[in-house]
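Here is a short report on helix packing and charge pairs. Keep the sequence and the 3D view open as you read.

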Amino acid sequence: DKDGWDTFMEKEIHEQPEAVRATLEGRLDAKGALTLDEVRIPESLLRSVDKVVIIACGTAAYAGQVARYAIEHWCRIPVEVELAHEFRYRDPVVNEKTLVVAISQSGETMDTIMAIRHAREQGARVVSIVNTPGSTIARESDAVLLTHAGPEIAVASTKAFTAQITACYLLGLYLAQIRGNKYIDEIHDYLDKLAQIPDKMQEVLDSGESVRQIARAMADEESVLFLGRHVGYPVAMEGALKLKEIAYIHAEGFAAGELKHGPIALVEEGQPVFIVVPTPRRPELHQKTVSNVQQVKARGAKTMVIAEVGDDSVDEYADIVFRVPPAPTLYLPLLQVMPLQIFACALAGAKGLDVDQPRNLAKSVTVE
Ligand code: F6R
């Protein structure tokens, strides 16, 4: 049931504030401390973990890349993010002190299942972040942290992605709490700010029409580039994946810092480039990314910038600016990804494509 929306994808994009809210709900105990009761790995074991390895595929792997910045910052544990199908065959260094975090919407992705089996054979504990209770990945993990995004029908993942990132933040804060990396006040402050994100996501949705208008006018584009820095880098990758999947447009995501190491050669007159700009409250990230906008603009790019409300430093070099409300840097991906999802969905719609059932793709990839 599409609830009045033309496509499941649009419906699911608009369900994201609720998906994030539901994923956060009920995670605080009576004393206000973070509890994750699905995590049934002894605290003593979690305290001894010396490495986190996140395994996933596709969009779920980009959620994992966002999580890496948060978990390393909060917990001071090294975090690796690896595509499940690469992890398995690499002979990875994994042992009893490794915490493997498997992320999957369906819980049935064969590549991820095989990677979990491989990790457990080496003695690692596995926490899975899945959207489907009772799925194979949930059953084969030592602990499960459910995303409460509700069923995702459209092949292209949207609300599962933001719910996965949210669950990863909870796991990161939980680890920081039990390992004593952060004071409880600090953890509460992060949780309070996380609880404010769904309302901010709604604000982004409320301004979606401006994104749709631009997208509809770009139905003839053949290539779109996406740049991001820090947590904006996986957001750029995800924006590019959405466009490939449903609009069949050649799209590439890059770390903004890589621009001068190669990709800038692609930029010619009229080339559309999305740039995910960090908050100006992190000047070391922000200034460099604004320079990247300037560099591609100088080579004739059509610059489409995602920037915080009130950040007018981008105006001079941006052809189009999509605004997101201010939020802590680590949480910005939840807001910044939404204009990119809306863009891909509207552009595919304008091309007359089947947004929910793109060619050659299946919702669950149950073969390797
Ligand atoms: C992208 C997409 C895929 C999945 C990937 C993993 O929109 O849907 O890239 O994210 O196949 O699937 P799950 O999360 O079910 O393991």
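In helix 2, the buried residues are Q16, P17, A19, V20, A22, T23 and L24. Buried means under 20% relative accessible area, exposed means over 50%, and partly exposed lies in between (1.4 Å probe, protein chains only). That makes 7 of the 9 residues buried, so helix 2 is largely enclosed by the rest of the structure. Helices (H or I, at least four residues) and strands (E, at least two) are DSSP runs, numbered from the N terminus.

This is a predicted model: local features need pLDDT of at least 70, side-chain atom pairs count only at pLDDT 80 or more, and totals for chains, interfaces and linings use all residues. Residues are numbered from 1 along each chain as its sequence is written, and side-chain values use heavy atoms, with hydrogens and water left out.

The buried residues of helix 2 pack against helix 1 (8-14), strand 5, helix 8, helix 9, helix 10 and helix 14. Contact here means heavy atoms within 4.5 Å. After helix 2 comes G26, with a positive phi near 70°.

## Salt bridges across the sequence

The whole structure holds 22 salt bridges. The term covers a side-chain nitrogen of Lys or Arg within 4 Å of a carboxyl oxygen of Asp or Glu. Side chains of opposite charge can pair when their charged atoms come close.

Helix 2 takes part through R21. D199 and R21 form a salt bridge, with their closest N and O atoms 3.4 Å apart. D199 lies in helix 10 (residues 197-206) and R21 in helix 2 (residues 16-24), so the pair ties together parts 178 residues apart in sequence. D199 is exposed at 51% relative accessible area. R21 is partly exposed at 33%.

E152 and K363 form another salt bridge, at 2.7 Å from N to O. E152 sits in the loop between strand 5 (143-146) and helix 8 (159-179), and K363 in the segment after helix 14 (332-350), so this pair ties together parts 211 residues apart in sequence. E152 is buried, with a relative accessible area of 6%. K363 is partly exposed at 26%.

Where do E72 and R68 lie? Both are in helix 4 (residues 58-75), 4 residues apart, about one turn of the helix. An α-helix has 3.6 residues a turn, so residues three or four places apart point the same way. E72 and R68 form a salt bridge, their closest N and O atoms being 3.8 Å apart. E72 is partly exposed at 25% relative accessible area, and R68 is partly exposed at 36%.

Salt bridges also link K11, E15 and K159 in a network.

Helix 6 (residues 110-121) has 12 residues, which at 1.5 Å a residue should span 16 Å; its end C-alpha atoms are 17 Å apart, which agrees. The expected span is 1.5 Å times one less than the number of residues. Its buried residues are D111, T112, I113, A115, I116, H118 and A119. These pack against strand 1 (51-56), helix 5 (84-87), strand 3 (98-104), strand 4 (125-130) and helix 7 (136-139). Just after helix 6, G123 has a positive phi of about 95°.

T98 lies in strand 3. Is T98 buried or exposed? T98 is buried, at 2% relative accessible area. Leaving aside neighbours within four places in sequence, T98 contacts K51, V53, A124 and R125.

## Two helix pairs

Two packed helices are described by the angle between their axes and the distance between the axes. Axes are lines fitted to C-alpha atoms, for helices over the stretch in contact, and angles run from 0 to 180 degrees between N-to-C directions. Angles under 35 degrees count as roughly parallel, over 145 as roughly antiparallel, 65 to 115 as roughly perpendicular and the rest as oblique.

The axes of helix 8 and helix 9 (residues 184-195) come within 10 Å and cross at roughly 170°. Helix 8 is therefore roughly antiparallel to helix 9. Y169, L170, L173, A176 and Q177 in helix 8 meet I184, I187, Y190, L191 and L194 in helix 9.

Helix 11 (residues 208-216) packs with helix 14 at about 45°, their axes 8 Å apart. Helix 11 and helix 14 are therefore oblique to each other. In this pair, G208, V211, R212, A215 and R216 of helix 11 meet P339, I342, F343, A346, L347 and A350 of helix 14.
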